[in-house]
Amino acid sequence: MTYYRQINNQLIEYTAEETATRDAEIQAWNDASAERKLEQIKKIRLQKLMETDFYALQDVTMSNEMKAWRLNLRNIPQD
């Protein structure tokens, strides 16, 4: 792929070294895709657990469905 940068309203083509560096950056970004997705899933999971933490208080009775749902949320990284 050919890359360009703009300098003084002119497109300048990347050198071979700059192209190799850019390709390596793109490959590293793509290789880390699974880790980024897992981090996003963990953030969503944590938010959902925090939203339902009040069900776990002693003066609130949690249904078996809610207990199972929260357990499944906590097990997401392992599953």
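The following questions and answers concern a predicted model of a protein chain.

Q: What makes up the secondary structure of the protein chain, and in which order do the elements run?
A: The chain holds three helices and two strands. Read from the N terminus, the order is β-β-α-α-α.

Q: Why is the protein chain called more spread out than a compact globule?
A: For 79 residues the globule rule gives 12 Å, whereas the radius of gyration of the chain is 23 Å; this value is well over the rule, and the chain is therefore described as more spread out than a compact globule. Along the principal axes, its C-alpha atoms fill a box of roughly 70 × 30 × 15 Å.

Q: How many of the residues of the protein chain count as buried?
A: Of the 79 residues, 11% count as buried. The accessible surface of the chain comes to about 6800 Å², and carbon and sulfur atoms account for 53% of that surface.

Q: Why is Arg70 called buried?
A: A residue counts as buried when its relative accessible area is under 20%. Arg70 has a relative accessibility of 8%, and therefore counts as buried. This residue belongs to helix α3, which spans residues 64-74.

Key: Residues numbered from 1 in each chain as written. Predicted model: local features only at pLDDT ≥ 70, side-chain atom pairs only at ≥ 80, totals over all residues. Heavy atoms only, no water. Helix = DSSP H or I, 4+ residues; strand = E, 2+ residues; numbered from the N terminus. Rg over C-alpha atoms; globule rule 2.2 N^0.38 Å. Buried < 20%, exposed > 50% of the residue type's maximum accessible area, 1.4 Å probe, protein only. Areas by Shrake-Rupley, 256 points an atom, 1.4 Å probe, with all protein chains shown as cover.
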